[in-house]
Amino acid sequence: MSLPEIRRATVEEILPLRSEVLRGGGPLERALLPGDEEGLGVHWGVWLGDLLVACVSLYEVTSDSGVRSTQLRGMATAPNLRSQGLGGALLEAALREWEGREGAARPLWCNARIRAVPFYERHRFVGEGEPFDFPGVGEHLRMTYLGSSS
Ligand SMILES: CC(C)(COP(=O)(O)OP(=O)(O)OC[C@H]1O[C@@H](n2cnc3c(N)ncnc32)[C@H](O)[C@@H]1OP(=O)(O)O)[C@@H](O)C(=O)NCCC(=O)NCCS
């Protein structure tokens with residue numbers, strides 16, 4: 001089997017995997033996130049040969065009160081390849097690039113599915129507040145990235 005290759009991706013490349021894992025399939029448009037159509041996200045993927053097997057995206061967002069930050073979204077690994085470190089390696093690559101990027105909006109955070117909380121904790125994210133429900137998806141917890149120096 002080929003060695004995994006981690007590199008930047010386009011939204012077109014990651015959409016089928018994001019749709020399968022996070023939207024249960026269906027029309028690819030349903031897997032679009034705000035900013036995708038305007039080309040505002042930064043996407044990363046893990047490839048095994050020609051096959052994309054994991055993806056993640058970062059978006060600069062502005063809160064209602066005008067505060068800029070970076071939201072991590074769309075973290076997904078193909079079901080048959082989980083728990084082999086691919087998602088973790090991808091997340092670390094995206095975090096490293098984000099930390100080194102001049103002008104990147106800080107902090108970086110995500111709304112983690114409850115089941116994925118231990119995964120993010122292992123990568124230096126910390127939970128904030130109480131879990132909340134995303135109708136149709138389930139419980140989530142907002143988590144903030146503490147940075148590589150912590
Ligand atoms: C979360 C996810 C991206 C991790 O990818 P991965 O390639 O398995 O990552 P790693 O191998 O580096 O880490 C494995 C850890 O992920 C977590 N994990 C495993 N399966 C999971 C699942 N179905 N859902 C959420 N987290 C899971 C576990 O903590 C696991 O640790 P373990 O192997 O010690 O049990 C992947 O499990 C996934 O796509 N889950 C479904 C979609 C999802 O929940 N995405 C996150 C949205 S916030």
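These notebook entries record what I looked up in a predicted model.

**Ground rules.** I number residues from 1 along each chain as its sequence is written. For this predicted model, local features need pLDDT of at least 70, side-chain atom pairs count only at pLDDT 80 or more, and totals for chains, interfaces and linings use all residues.

**Sheet.** I took helices (H or I, at least four residues) and strands (E, at least two) as DSSP runs, numbered from the N terminus. I found 7 strands in an open sheet, ordered β1-β2-β3-β4-β5-β7-β6, with mixed pairing. Strands pair if DSSP finds at least two bridges between them. β1 (4-9) and β6 (125-134) are the edges; each has a single partner strand, so one side of each lacks a neighbour in the sheet. I then checked β4 and β5: they pair in the parallel sense over 2 bridges. Thr-70 stands opposite Leu-108 in β5.

**Core.** I looked for nonpolar cores, meaning sets of buried Ala, Val, Leu, Ile, Met, Phe, Trp, Tyr and Cys residues joined through C-beta atoms within 7 Å. Buried means 20 or more other C-beta atoms within 10 Å of the residue's own, with C-beta atoms placed from the backbone. The largest core has 28 residues; Cys-55, Val-56, Leu-90 and Ala-94 have the most contacts inside it. β3 gives the largest share, 5 residues.

**Ligand.** I counted 19 residues around the ligand, with Thr-77, Arg-82, Ser-83, Gly-87 and Gly-88 the closest. Near means a C-beta atom, placed from the backbone, within 6 Å. Elements giving two or more residues to this shell include α1 (11-22), β4 (68-77) and α2 (86-100).

Note on methods: Buried ≥ 20, exposed ≤ 12 C-beta atoms within 10 Å, placed from the backbone.
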